[in-house]
Amino acid sequence: MLLLYTLCIPLHAQKAHKQQTITIEATVIDQDTEEPLPFTNVIIRGTSIGTITNEEGRFELTFSKKHAKSSVVFSFIGYQNKTVPILKITSPDTTIPLKTASTALEEIVVKTKNKYKEYVDQAIAAIPLNYAQHPVNLATYYRELIKTDDHYTKFSDAASTIYYASYDNQFDPMQSKMDYVQFTRLEQNINQVPFPEPSEFIADTRDQAHIIALRKSDNLKDYKIMEQSKKLQAIDTMNLKWLENNDIGGGPLRLTGADKIKRLEDFLSPTTNSHYLFTLYKKSVYNDKPVYIISFTPKDPSTALAKYTGEITIDKDSKAVISYQYRLAKNAKHLLNQRFAAQLKTPKSIEKKTKKSFITRVTSLKDYQVFVSYSNYMGKWYLKRIKAINTYHNSGDLFEDYRVTTESELIVNTVTTDPVARIAIDQVYRTNFANPLYNHTLPYDAAFWNNYSTLLPTGVVGKALDDLEARSSLEDQFNKLK
């Protein structure tokens, strides 16, 4: 049976074990339609401990027994908050119905022609009031998967601790980029070519990550391109590292590059968002407070001055940005094509036939979309979730072209504001583009994962894990892959 589906231990099952943690599981639904509510915030009241529901509205949350008599607060945009005692969430079959909230809000009163840009500018100006002005420690869960054509070929997930610098407008893009691309050839396989990431997907040089536990699995060796190389007898498959190592680089911190509240970039930059047209998408409610959802799109789609289209959710009263999502605008897909290339020396027998001295393959980033949300703790907003979906095309010599889709997601389980500690140098995960999490060496620790809150695998991820289990169980793969 699939390992990741067995990690959820209901409350009544925990009683047989003298553990110091409790795990609860339930499904959040719309009270009227009974449809699941994906990505609902799930937080233990009065703390930063929490998770989100998956695509099917299900969640799993593991926490210390000292919170057993507390309650869980459920919040979702457009719905009234609901607070449920933990003792009432007694089995995975528990459902939590949320009631839709009234959205009868007054119109925003502003004076400028592009009035919703003014409202976004007010949100930018309020960042020092709404977001932490000091570093914090984040306990996070991170996962990533790779889909090659129609087959899921790699999966890895990790528990990590992140030292996260403050929202103080001190992000240094040039130094961060230098640190992100810096690596020595001696440390990496010469044929390794990581996927080209969106240009903003670089970690803040002030931030640090430590990988606590890691799992990984692959079925790439069964994939057709490996078979093609055998049939062509072009190169030994052991040397086909440009495919095996066409990995996601940077680990969990890479995704934090999408935290534009911290970086003040693009549509959340007071100096560049004038290139966007902002309009009111709809009025709604979140955390029992009124919010505005504002859409944005480039004013001039023929240039790359504004490259995204998307929506921003802003609290009406505090002007806090609660969430946003963005994707490449149509024309930006052509103007901002990012590519990495790899070459392998062609064997003499093939060189004579093909007249090619080298086999060249090029991986191009074709499209991506990003989802970011924050949660409130003690009057401040902190990063909660980042998800990115990237689409690539690989083409070149000898082998068929193929498509790749990568999905990666970072969930913050807990925020620690005091005390806050930097990570010891010997425990820092090197967050650069040529350091894939998949290559990180940690033994599989079943006991750890049995007492840890993951984001339940359903939808795309669930199908991916089923695909990856075609050859052997994930538990066997996790044990074998160090």
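The model is a predicted one: local features need pLDDT of at least 70, side-chain atom pairs count only at pLDDT 80 or more, and totals for chains, interfaces and linings use all residues. Residues are numbered from 1 along each chain as its sequence is written, and side-chain values use heavy atoms, with hydrogens and water left out.

**Exercise 1. A salt bridge within a helix**

Task: Determine how far apart the closest N and O atoms of Asp-121 and Lys-117 are, and describe where the two residues lie.

Solution. 

Step 1. The criterion for a salt bridge is a side-chain nitrogen of Lys or Arg within 4 Å of a carboxyl oxygen of Asp or Glu. Side chains of opposite charge can pair when their charged atoms come close.

Step 2. The closest N and O atoms of Asp-121 and Lys-117 are 2.6 Å apart, and the two residues form a salt bridge.

Step 3. Helices (H or I, at least four residues) and strands (E, at least two) are DSSP runs, numbered from the N terminus. Because Asp-121 and Lys-117 are four residues apart in helix α2 (residues 115–125), about one helical turn separates them.

Step 4. For accessibility, buried means under 20% relative accessible area, exposed over 50%, and partly exposed in between (1.4 Å probe, protein chains only). Asp-121 is partly exposed at 26%, whereas Lys-117 is buried at 16%.

**Exercise 2. Salt bridges between separate parts of the chain**

Task: State which elements hold Asp-157 and Arg-215, and where Arg-403 and Asp-149 are located.

Solution. 

Step 1. Asp-157 and Arg-215 meet through their side chains in a salt bridge, with 2.6 Å from N to O. Asp-157 belongs to strand β9 and Arg-215 to strand β10 (residues 208–218), so the pair ties together parts that are 58 residues apart in sequence. Both Asp-157 and Arg-215 are buried.

Step 2. Arg-403 forms a salt bridge with Asp-149, with 3.5 Å between the closest N and O atoms. This pair links distant parts of the chain, 254 residues apart: Arg-403 is in strand β18 (residues 402–416), and Asp-149 is in the loop between β8 (136–148) and β9 (151–164).

Step 3. Arg-403 is partly exposed at 45% relative accessible area, while Asp-149 is buried at 13%.

Step 4. A network of salt bridges links Asp-168, Asp-204, Arg-206, Asp-207 and Lys-262. The count for the model comes to 20 salt bridges.

**Exercise 3. An open sheet**

Task: Give the order of the four strands in the open sheet.

Solution. 

Step 1. Two strands pair if DSSP finds at least two bridges between them.

Step 2. The order is β3-β2-β5-β6, with antiparallel pairing. The edge strands β3 (50–52) and β6 (82–85) each pair on one side only.

Step 3. Strand β5 (residues 71–75) is joined to β6 by four bridges, and Val-73 stands opposite Thr-83 in β6.

**Exercise 4. The pairing of strand β14**

Task: Determine which strands pair with β14, and how many of its residues are buried.

Solution. 

Step 1. Strand β13 (residues 308–315) and β14 run antiparallel and are joined by seven bridges. Glu-311 has Gln-325 in β14 as its bridge partner.

Step 2. Strand β16 (residues 358–377) pairs with β14 in the antiparallel sense over five bridges. Here the bridge partner of Gln-325 is Phe-371 in β16.

Step 3. Strand β14 (residues 321–328) is largely enclosed by the rest of the structure, because six of its eight residues are buried.
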